[in-house]
Amino acid sequence: MVTFPTNRPLLALAPMQDVTDWAFWKLIASYGGPDLYFTEYFRVTKGYRLQRSILHSILENPTGRPAIAQIIGNDPEWMVKCAGQLEKYPVAGVDLNLGCPAPVVYRKCAGGGLLREPGRIHHLLGVLREGLRGMFTVKTRIGFSDPAEFDRLLDVFAAHRIDVLTVHGRTVSEKYGPRVHLDRIAQAVTRLPFPIIANGSIDSVAAARHVQEITGAQGLMIGRGAIRNPWIFQQIRDAFAGKPVHHPTGREVLGYVEALYSSSCSNDVPEKSQVHKMKKYMNFLGEGIGGEFLHAIRRVMTKAEFFDVCKQALDHEEPLRLEADGVATGGMGRFPKRR
Ligand SMILES: Cc1cc2nc3c(=O)[nH]c(=O)nc-3n(C[C@H](O)[C@H](O)[C@H](O)COP(=O)(O)O)c2cc1C
């Protein structure tokens, strides 16, 4: 059951493949967490099998909050079969991915690739809505290569009883580029009768307020900003409640990095692979800490080297803002803040 709060936007953690697994959900929840979680996507092709690791997140949901299962594919018969199967698990709903920009996905006309074929989306939405008893949600980008495509897509969405639509305000071609088309998200809010969740580069309380004000969206979804700053959901909640917002100190961020390491790396994996995995997370976190930190972290090979670099940057009591441009309010250890 998903309930939209009345005094602030609903907060959702974005689905992120290879990131938002059970361990990450648990960790994020320990910092206050969002109101709603989405699984990584279940890939649905003819004769598909549900991925066990994603099912684990649903069956053992450690967050105490609702989770929606996301599916990706384009075969209506198998998609509806999969959606029906997922509904038997403890999910709040099933979400259709219409945004994945990975060429290996969109070239097969799934994820973002479907946005080039609104007629096919129309058919797929009809079949899924018909086949689903519970909540049916969709997560879309605003077009494949041109934001103007969104006009036609909105006609398609308007023709179906979708429960919630998440709009990532970029086209597939724009990938993760600097511009998020908030005007297009606002257009969805005005045009469609169901709740809209706004998504794209929300990484601070100020950004959350701005996106909500400009778009009027009933919800905000945060992905990379939550890897960078797991406090973000509580910060937004506190800000909307008029309470003071906690900005973690360098040492608290170091504690988060340590927790991320121990929750995401199992002992049966070689140290080199663990460090490699952490470097992937650090690509996001590092954007909030500064260029020199990122430069140094990319060169580490061992766990000891990894934590040496982290300690040099984070072993201090100054508050950090952890926004994408590396803005920090306080001292950066050895690494000066960047503006
Ligand atoms: C590593 C990574 C994996 C992602 N995997 C998915 C996914 O499985 N399903 C999906 O709908 N979007 C996926 N996305 C897109 C995010 O859900 C989100 O729409 C996008 O990152 C923009 O939000 P943000 O700026 O808050 O990160 C992924 C993004 C990243 C960075």
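Me: What makes the strands β1 to β8 a barrel, and which pairing do they have?
Reply: This is a predicted model, where local features need pLDDT of at least 70, side-chain atom pairs count only at pLDDT 80 or more, and totals for chains, interfaces and linings use all residues. Residues are numbered from 1 along each chain as its sequence is written. Eight strands run β1-β2-β3-β4-β5-β6-β7-β8 as a closed barrel, with parallel pairing. Neighbouring strands of this sheet are turned by 25 degrees against each other on average, direction ignored. Helices (H or I, at least four residues) and strands (E, at least two) are DSSP runs, numbered from the N terminus.

Me: How do you know that β6 and β7 pair?
Reply: Two strands pair if DSSP finds at least two bridges between them. Strand β6 (residues 164–168) and strand β7 (residues 196–199) have four bridges, in the parallel sense. They therefore count as a pair. His168 stands opposite Asn199 in β7.

Me: Why is α11 called roughly antiparallel to α14?
Reply: Helix α11 (residues 250–264) and helix α14 (residues 303–314) pack at about 160 degrees, with axes 9 Å apart. Axes are lines fitted to C-alpha atoms, for helices over the stretch in contact, and angles run from 0 to 180 degrees between N-to-C directions. Angles under 35 degrees count as roughly parallel, over 145 as roughly antiparallel, 65 to 115 as roughly perpendicular and the rest as oblique. So α11 is roughly antiparallel to α14.

Me: What is the handedness of the crossing of α11 and α14?
Reply: The crossing is right-handed.

Me: Which residues of α11 and α14 meet?
Reply: Gly250, Arg251, Val253, Leu254 and Val257 in α11 meet Cys310, Lys311 and Leu314 in α14. Contact is set by C-beta atoms, placed from the backbone, that lie within 7 Å. By class, this contact has five nonpolar, one polar and two charged residues. Ala, Val, Leu, Ile, Met, Phe, Trp, Tyr, Cys and Pro count as nonpolar, Asp, Glu, Lys and Arg as charged, and the others, Gly among them, as polar.

Me: Why are α6 and α7 called roughly parallel?
Reply: The axes of helix α6 (residues 150–158) and helix α7 (residues 182–191) come within 11 Å and cross at roughly 30 degrees. The two helices are therefore roughly parallel to each other. Their crossing is right-handed. Phe150, Leu154 and Ala158 in α6 meet Arg184, Gln187, Ala188 and Arg191 in α7.

Me: What surrounds the ligand?
Reply: There are 21 residues around the ligand, and the closest are Ala14, Pro15, Met16, Gly223 and Arg224. A residue is near a molecule if its C-beta atom, placed from the backbone, lies within 6 Å of it. The elements that give two or more residues to this shell are β2 (36–43) and α9 (224–228). By class, the shell has eight nonpolar, ten polar and three charged residues.

Methods:
A crossing is left-handed if the near helix is turned anticlockwise from the far one by less than a right angle, and right-handed if clockwise. Two residues are in contact if their C-beta atoms, placed from the backbone, lie within 7 Å.
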